[in-house]
Every structure is written in structure tokens, then in C-alpha cells.
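Welcome, and please open your viewer. Have your selection tool ready, and we will walk through one site together.

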Amino acid sequence: MKAYWFDNLPGDQREPHDSGRTVPDSYLSKLGILHFNYPNVADVDALAKSRDYKNRDEITISPATMGDVYEEKVKMFFNEHLHEDEEIRYILDGGGYFDVRSDGDDWVRIKLEKHDLMIMPAGIYHRFTTDMENYTKAMRLFKEDPKWTPLTRSGETDKNQYRQEYLKARET
Ligand code: KMT
Ligand code: NI
């Protein structure tokens, strides 16, 4: 895991876009983001149990598994959105980038590598992309039924109850 300010320069979204300005852990936790490195899947099981997560699935995002729709999917994941549920992602292999919005509405890029686990709070605006390796194998964890419909950012999502609760929690 490595976090830094996104450089906002043109170019493929899968390039690092590293401005060289590091984002410290303390700032990530202010945004409500937690992360761990769990080489042993037993630790993931324990975390899931402690937070009452009952379900999970695995997704492999790569041209080999997705074929022609890969490029389309990569663009879709990069569409800024929020979820009404907490989002837990565990990288089983490969890597990728999650970009999350700062309190000043800038992008913080979080580079996830094998065995990194990240917890994003409900209501945070974010997007995802594979990196130049074009290979992300990830576990997606959810409590009951997946409620992870991506809600594309708009005037409506700004008013969303979960968005409002997220912003309120950041004030304290
Ligand atoms: C998301 O919410 O954007 C995703 O779940 C991306 C795919 S999982 C690495
Ligand atoms: Ni998402």
C-alpha cells in the first residue's frame, strides 16, 4: 500500500500518476479509510467475522478473463461513484489503484498490491483502475446481499443519505 496525491495530468488512467506528494496514514484514517496487509487469508476471515461479513466473491480483472469487454470494464470502474455500504477489497494477486476524494475534493491515489486489504466507508466518492500490468485478482466482501451498486456522482448522490452521514462523520 502506498498513498499519494494524484497528479491530474493527462495520460492512461493505469499509469501511476504519482505527484510525488505522499499522503500519510493519518490523513487516510481522517477520510475513514482503513488498510491492512494480510498474507494469510485466515486474517481476512477473522476480520470478516468481527464485522459480521457473511459473503464474498472473487473477481479477476484482466484481458485474459474478460476478453473484449476488458477495456470497457476498466473504464466503468473508473467512473466516479459511491456505495451505500462499506466496501472491503482484498487483493489476492496483481494490484491496482483506488482513487478516493479528499475533503477538498482532490484525488488521493491508493496503490494496492498483493495481500493488501482496504476498507472504504459508505458514501465516499471513489473510482478504481487496474495498473499497467492489467491484472487485478480481488476478493469483494459483503455483509448480506451485495448492496454495492455504484451510484455515479451527481447532484442526487451529493444529497444521498449515506453521503450526508459520511460527511457528518468526517467533521468530528
Ligand atoms: C469498485 O467499487 O469500484 C470496485 O469494486 C472495483 C473492482 S474490485 C478491485
Ligand atoms: Ni466502488
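Here is a short tour of an annotated site in this predicted model.

**Stop 1: His81.** Now pick His81, which lies in strand S5 (residues 81-82). His81 counts as buried because 20 C-beta neighbours lie inside 10 Å, and 20 or more is the cut-off for that class. Leaving out residues up to four places away in sequence, show what His81 touches: His126, Arg127, Pro150, Leu151, Thr152 and Arg153.

**Stop 2: His83.** Move along to the loop between S5 and S6, where His83 is found. Is His83 buried or partly exposed? With 19 C-beta neighbours inside 10 Å, His83 counts as partly exposed.

**Stop 3: Glu87.** Next, select strand S6 (residues 87-101), which holds Glu87. Glu87 is buried, as 20 other C-beta atoms lie within 10 Å.

**Stop 4: His126.** Finish in strand S9 (residues 126-130), the place of His126. Here 22 other C-beta atoms lie within 10 Å, so His126 is buried. Which residues is His126 in contact with, leaving aside neighbours within four places in sequence? Display His81, Phe98, Asp99, Val100, Arg101 and Met120 to see them. His81, from the second stop, is one of these contacts.

Technical notes
Residues are numbered from 1 along each chain as its sequence is written. Chains are lettered from A and ligands numbered from 1 in the order in which they are written. This is a predicted model: local features need pLDDT of at least 70, side-chain atom pairs count only at pLDDT 80 or more; totals for chains, interfaces and linings use all residues. Helices (H or I, at least four residues) and strands (E, at least two) are DSSP runs, numbered from the N terminus. A residue is buried if 20 or more other C-beta atoms lie within 10 Å of its own, exposed if 12 or fewer, and partly exposed in between; C-beta atoms are placed from the backbone. Two residues are in contact if their C-beta atoms, placed from the backbone, lie within 7 Å.
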